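Please look over the sequence and the model shown here before reading on.

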Amino acid sequence: MTTVTVLGLGPMGHALAAAFAAHHPTTVWNRTPGKGTDLDAAPAGTAAEAIAASPLVIVCLPDYPVAQSVLDADALKGRTLVNFCGGSPEQARAMAAWAERHGIEYIDGVIVSTPEAIGSPEAALYYSGPRDIYETHRTTLFALGENANYLGREPGRAAAFDLALQDMLWTSMSGVTHMFAFAAAEDIAAADIAGHAKAMLGFFPDMIDMLAEQVAAGRFPGDGGTITAAAAIMDRISSAVRAQGLDDGALGAARAAVQRAIDAGYGADGFGRLAALD
């Protein structure tokens, strides 16, 4: 049975350690001593001692620079490091290059889950790095959740997937909160409009599929609505928003992207064209 080391016992690291400890002998280390006493795991006095205890080392610290500051390259040599710190694709590539220089096998990971969901089907995990290394440890990593997605050899790919999806999420969440602000200015209760908002967004899964097909094909027919028509709608919304004294900066940024497409001669194309602008 594979032994596992977990470095970092914040809320997510603690959840990872608990999930591993339920199936594998587990060693843990935290920068602040005393955490993890409730885990069925062996505490280590130093990061190097924890690393030496296992062939598979999981790091879950606030960010890549913090991880880099505690990782012992000599202790890690010949072992596999799975990094769940979260960061940019460039940081993942730099960490992978560092690992390769020191003879360390490296997988970059992203957790799309709350700590409470770790180990359950609700926990989605993304991995990128050499497939043979991932396959060697795949069943051990299943302790964290079997909704695991191997995305390819390029080490920055998991981070890129995550940030692309987070881009969509937080742009959308900003739109939702702005909807409530405008609704309130027009004396519409949040509870009154929330259901209508959910119904309006019911088409989104199909819309994502349609736009993905257009982006893949490089063709953006405007038969379902043109960029020029979208610009007119955005202008009408912005005018009403400003009339209420509200900020239209987020919509203004989207409108500016639409204008760039129109100025480039794509006004008659569909909205998906925006994904293909230089």
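How many disulfides does the count come to? The count comes to 0 disulfides, a disulfide being a pair of cysteine sulfur atoms within 2.5 Å.

## Basis of the model

This is a predicted model, in which local features need pLDDT of at least 70 and side-chain atom pairs count only at pLDDT 80 or more, while totals for chains, interfaces and linings use all residues. Residues are numbered from 1 along each chain as its sequence is written, and side-chain values use heavy atoms, with hydrogens and water left out.

## The cysteines C60 and C85

C60 is in no disulfide, and the nearest cysteine sulfur, that of C85, lies 6.5 Å away. Seen from C85, the closest cysteine sulfur is in C60, and the 6.5 Å between them is too far for a bond.

C60 is buried, with a relative accessible area of 11%, where buried means under 20% relative accessible area, exposed over 50% and partly exposed in between, using a 1.4 Å probe and protein chains only. C85 also counts as buried, at 9% relative accessibility.

## Helices α10 and α11

Helix α10 (residues 227-243) and helix α11 (residues 249-263) pack at an angle of about 150°, with their axes 10 Å apart; helices here are DSSP runs (H or I, at least four residues) numbered from the N terminus, and axes are lines fitted to C-alpha atoms over the stretch in contact, with angles from 0 to 180 degrees between N-to-C directions. The two helices are therefore roughly antiparallel to each other, since angles under 35 degrees count as roughly parallel, over 145 as roughly antiparallel, 65 to 115 as roughly perpendicular and the rest as oblique.

The contact (heavy atoms within 4.5 Å) involves residues including I227, A231 and M234 of α10 and L251, R255 and V258 of α11. By class, this contact of α10 with α11 has 9 nonpolar, 2 polar and 2 charged residues, with Ala, Val, Leu, Ile, Met, Phe, Trp, Tyr, Cys and Pro counted as nonpolar, Asp, Glu, Lys and Arg as charged, and the others, Gly among them, as polar.

## D269 after α11

D269 is placed in the segment after α11 and is buried, with a relative accessible area of 17%. Leaving aside residues up to four places away in sequence, D269 touches F220, G222, G225, T226 and I227.

## Helices α7 and α8

Helix α7 (residues 157-185) and helix α8 (residues 190-200) pack at an angle of about 135°, with their axes 10 Å apart, which makes α7 oblique to α8. Their contact is made by M179, F180 and A183 of α7 and A190, I193, A194 and A197 of α8, and these residues divide into 7 nonpolar, no polar and no charged.
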